[in-house]
Amino acid sequence: MALPACVLPDPFPYLSLCAGGGGLDWGLRTAVPGARAVGYVERQASAAAALVARMVEGALDEAVVWDDIATFDGLPWAGRVAGIVAGFPCQPVSVAGKRLGTADPRWLWPHIERVVREVRPEWLFFENVRGLVTINDGDAFHGVLMALALLGFDAEWGVLPARAVGAPQKRRERVFIVARSGLEHP
């Protein structure tokens with residue numbers, strides 16, 4: 001399945017949730033010249049340190065870094081950002097782990113859903129491992145898509161292998177979800 005072609009507004013201020021080391025941010029910033037991170041949320045200290053180092057290098061936008069998605073308040077950002085980017089933790093659905101899905105305490109989707117509800121951006125861009133699609137947990141992948149629909153987003157998704165962008169790995173596949181607010185918000 002091919003991901004949709006998107007025309008994003010310029011400028012494109014966004015929040016980065018579960019930002020990790022900023023890989024999605026770097027990609028978005030590279031692909032969309034008007035993209036600008038106005039805030040990062042990352043609870044893992046080493047990843048937050050990597051974000052700060054990349055800001056100092058100029059590879060990422062300088063912005064505040066919050067340390068916990070569970071306590072992050074999206075309400076002040078309502079009407080101020082056009083998008084949310086998130087690479088939420090893959091351990092709950094990865095074939096390399098126990099695949100506890102939504103029963104895993106690292107399943108952070110409910111917090112991301114809450115922030116999306118609070119912020120109400122126009123665009124969403126999410127990334128995870130292929131296991132999100134293949135796990136036998138109806139509340140995982142299908143739950144994400146259902147939540148997006150209920151929040152008024154039209155979502156499309158695809159699974160892309162790393163080799164599609166020139167990486168040497170043969171089996172490293174990622175799920176990408178792009179969603180645009182197109183339905184009436186509840």
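**Exercise 1.** Which backbone oxygen does the side chain of Asn128 reach? Place Asn128 in the fold and list its contacts.

*Ground rules.* This is a predicted model: local features need pLDDT of at least 70, side-chain atom pairs count only at pLDDT 80 or more, and totals for chains, interfaces and linings use all residues. Residues are numbered from 1 along each chain as its sequence is written, and side-chain values use heavy atoms, with hydrogens and water left out.

*Solution.*
1. Locate the residue. Asn128 is found in strand β5 (residues 123-129). Strands (E, at least two residues) and helices (H or I, at least four) are DSSP runs, numbered from the N terminus.
2. Check burial. Asn128 has 1% relative accessibility and counts as buried. Buried means under 20% relative accessible area, exposed over 50%, partly exposed in between (1.4 Å probe, protein chains only).
3. Find the partner. The Asn128 side chain reaches the backbone oxygen of Phe88 at 3.0 Å.
4. List the contacts (heavy atoms within 4.5 Å). Leaving out residues up to four places away in sequence, Asn128 touches Phe88, Pro89, Cys90, Val93, Arg174 and Val175.

**Exercise 2.** How many salt bridges does the structure hold? Work through three of them, starting with Asp61 and Arg29.

*Solution.*
1. Apply the criterion: a side-chain nitrogen of Lys or Arg within 4 Å of a carboxyl oxygen of Asp or Glu. The structure holds seven salt bridges.
2. Take Asp61 and Arg29. Their side chains meet at 3.8 Å, N to O. Asp61 lies in the loop between α2 (45-57) and β3 (64-66) and Arg29 in helix α1 (residues 23-31), so the pair ties together parts 32 residues apart in sequence. Asp61 is buried at 11% relative accessibility; Arg29 is partly exposed at 28%.
3. Take Arg114 and Glu118. The salt bridge spans 3.1 Å, N to O. Both residues sit in helix α3 (residues 109-119), four apart, or about one helical turn. Arg114 and Glu118 are both buried.
4. Take Arg130 and Glu173. The closest N and O atoms are 3.4 Å apart. Arg130 lies in the loop between β5 and α4 (131-134) and Glu173 in strand β7 (residues 173-181), so this pair ties together parts 43 residues apart in sequence. Arg130 is partly exposed, at 35%.

**Exercise 3.** Which element gives the most to the largest nonpolar core?

*Solution.*
1. Size the core. It has 34 residues; Phe88 and Trp109 are among those with the most contacts inside it. A nonpolar core is a set of buried Ala, Val, Leu, Ile, Met, Phe, Trp, Tyr and Cys residues joined through side-chain atoms within 4.5 Å.
2. Identify the contributors. Elements giving two or more residues include β1 (12-17), α3 and α5 (141-150). α3 gives the most, with five residues.

Notes
Polar contact = N/O pair within 3.5 Å; in protein donor to acceptor, adjacent residues only side chain to side chain.
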